Structure formats: C-alpha cells, structure tokens
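Please look over the structure below. The report that follows takes up some of its side chains and helices.

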Amino acid sequence: MKFSILSKGDKKSNDIRSKIKNYLTEFDLDYDEDEPDLSISVGGDGTLLEAFHTYSHRLDKTAFIGIHTGHLGFYADWMPDELEKLIIEIARTPFQVVEYPLLEVTIWPQDEGEEDRYLALNECTIKTSEGSVVFDVEIKGEHFETFRGDGLCVSTPSGSTAYNKALGGAIIHPSLESIQIAEMASINNRVFRTIGSPLILPSHHTCLLKPIYDRSFLITMDHITRTYKDVKSIQCQVAQQKVRFARFRPFPFWKRVHDSFVADDRE
Ligand code: NAD
C-alpha cells in the first residue's frame, strides 16, 4: 500500500509525521506523494481539508485519515497518544472505508468562456467586499427568492458542523446525500424578503445563484478563497464523487458531534 503524509508544519506535527513515515516504511509500506492509497494528515481539520484538495482529482483511489495535534478535530479525530495503535492498524491493511457526500460548485462567467468546477468537503460561501450580495436563487430550475445580504453558505452534511453551524444551520448526518443553504445576515423588510431558514436539498435538486448586479465575489471552497468578477451564475449540487475516510475503529457521527460540541472537560 502507498501512503503520503501532510503535516501542518509546526514542530509537533512534523515530528509525528517523521515517526509515522519511519514506522510505516519499516512495515514495507511505500511513501508516495503522487498516488497514495492513504493520505494521512497531521495537524487539524484545516490540514485534512488541504489534503482533500491535494487529491480531489483521485478521490476514488485515495482515502483520508487525520491526526490532530491540538484539540479533537472533526475530521482529524486521532490524537497523538493513539499513534502506535494507529500505525499498527494501518500496517495491517486493507482498511475499511466510510464514504461521505461532497458539494460540487460550478461557476459560469458572463462571456462564453469555460466554467470552473470545484468540489468542497465542508462548504462553499459566496460573499462580496462591495456591500451586499444580490442574486436570484433558483431551486431545481424554478425561481425561489431574490437574496440580499452578506452572503450564502452551501454546505455538505459533514461540513454542517463547521461554518454552517455558526450560521444557525442544522447538523445533518452524512448518510443523507444532501446540501444545505444557510443565509448570512439576509435583509428582510417591507421591500426585500428571503425565506430566513436554512434549506436542505436532496441529491437530485440543484441550486442556481444568478447575480443581479455586476459585483466581484469572494467565493470560498473550504479554506480556499477566490475572487471572481463577471459571474453569470453559480450552481451548487451534491457531487457524484464522494470522499472516502479510512476507518480503523468505530467513531459514529453523533458521538463525534457530542465529543466536539457537547462534552465538556469535566466529563
Ligand atoms: P480555521 O483555522 O479558521 O479553523 C476553523 C475551525 O473549524 C477549526 O476549529 C476546525 O477544527 C473547525 N472545522 C473545520 N471543519 C469542520 C467540520 N467539518 N466540523 C466541525 N468543525 C470543523 O480554518 P481552517 O482550519 O482552514 O478550516 C476552514 C473551515 O473553517 C471552513 O471550511 C469553514 O467551515 C470554517 N470556518 C468557520 C467559520 C465560523 O464558524 N464562523 C468562519 C470561517 C470559516
């Protein structure tokens, strides 16, 4: 089996990276950054997001696992004191895989140029630095509302515990193939009206955002931000591809939610 390791870059993460690399190569596993079967990230959720985007072109071949060098993370759910156990489990391959849904975002320019297509593990957010965003929102080909406000966040089920949660969105189990649209400070008064609640779309429904004014948009895919001018439309839907996490022990989603958000240090 081939593996790669991405470190957050701090000393603790780099030391763990060297340790895992040495042990796994002693177990006759091959280190291969180009075509790994397993991508191990050491740092935090942000490091796993980076690993995901590094290998997003080969999700059917690369599985992911994350070790957290700070507090328990949502994706980075192995702690440094479990390292030896994890190394032995990895060396004993093959491993089990758990698949989670992803978000596909397509951005069309106003001219006849090529569209850009992205995958997100957590979410896509659409904001502007030029006042409010104003766009027509279509759901499954029908006009739904005209949104005015700070922006929109469209998240995956596993991303529902990230930015989406801070916006009052629901936490969605990743077995539900869906995306969630959450508002950021929508303007609601006698003139402007939005639904005001997060919306959850199934896998066969798309959401299309059509800007009404020429603005430049700040569009994030997870931790990556891009600036776009002259956007004709932005489409969000559940992606065909899925992310695959290597599972070496059960850690059910609701336990992860509990341990990340509800449990306190006195438990
Ligand atoms: P960061 O360093 O600002 O970390 C953001 C925090 O989000 C970290 O504590 C991380 O552990 C946590 N996180 C990431 N994915 C998560 C998930 N699926 N469930 C629960 N918590 C999660 O930024 P980063 O590490 O580069 O991560 C980028 C992510 O930060 C974005 O995808 C977005 O979800 C999140 N974010 C959140 C807010 C907010 O909550 N107000 C604002 C901006 C970005």
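Glu 82 is partly exposed, with a relative accessible area of 21%. The model is a predicted one. The side chain of Glu 82 forms a salt bridge with that of Arg 249, at 3.1 Å from N to O. Arg 249 has a relative accessible area of 19%. Buried means under 20%, so Arg 249 counts as buried.

Where do the two partners, Glu 82 and Arg 249, lie? Glu 82 sits in the loop between β4 and α3. Arg 249 sits in the loop between β15 (231-247) and α5 (253-262). The pair therefore ties together parts that are 167 residues apart in sequence.

## A network of charges

Salt bridges that share partners also join Lys 2, Asp 32 and Glu 35 into one network. How many salt bridges does the model have? The count comes to 13.

One of them links the side chains of Glu 35 and Lys 2, at 4.0 Å from N to O. Glu 35 lies in the loop between β2 (30-31) and β3, and Lys 2 lies in strand β1, so this pair ties together parts that are 33 residues apart in sequence. Glu 35 is partly exposed, at 43% relative accessible area. Lys 2 is partly exposed too, at 26%.

Helix α1 covers residues 11-26, which makes 16 residues. At 1.5 Å a residue, α1 should span 22 Å. Its end C-alpha atoms are 23 Å apart, which agrees.

Which residues of α1 are buried? They are Ser 13, Ile 16, Ile 20 and Leu 24. Seen down the axis of α1, these buried residues fall within an arc of 65°, so they line one face of the helix.

Lys 11 has 62% relative accessibility. Exposed means over 50%, so Lys 11 counts as exposed.

Lys 11 also has a salt-bridge partner, Asp 15. Their side chains meet at 2.7 Å, N to O. Both residues lie in α1, 4 residues apart, or about one turn of the helix. Asp 15 is partly exposed, at 40% relative accessibility.

Just after α1 comes Asp 28, which takes a positive phi of about 70°.

## A nonpolar patch

Which residues make the nonpolar surface patch of about 270 Å²? They are Tyr 23, Phe 27 and Ile 88. Phe 27 is found in the loop between α1 and β2. At 43% relative accessibility, Phe 27 counts as partly exposed.

## Helix α5

Helix α5 also has buried residues: Phe 253, Arg 256 and Val 257. They cover an arc of only 100° around the axis, which puts them on the same side of α5. What covers these buried residues includes β5 (96-109) and β15.

Notes:
Residues numbered from 1 in each chain as written. Predicted model: local features only at pLDDT ≥ 70, side-chain atom pairs only at ≥ 80, totals over all residues. Heavy atoms only, no water. Helix = DSSP H or I, 4+ residues; strand = E, 2+ residues; numbered from the N terminus. Expected span 1.5 Å × (residues − 1). Buried < 20%, exposed > 50% of the residue type's maximum accessible area, 1.4 Å probe, protein only. Arc of directions from axis to C-beta. Patch = residues over 30% accessible without salt bridge, like charges linked within 9 Å, V, L, I, M, F, W, Y side chains within 5 Å. Areas by Shrake-Rupley, 256 points an atom, 1.4 Å probe, with all protein chains shown as cover. Contact = heavy atoms within 4.5 Å.
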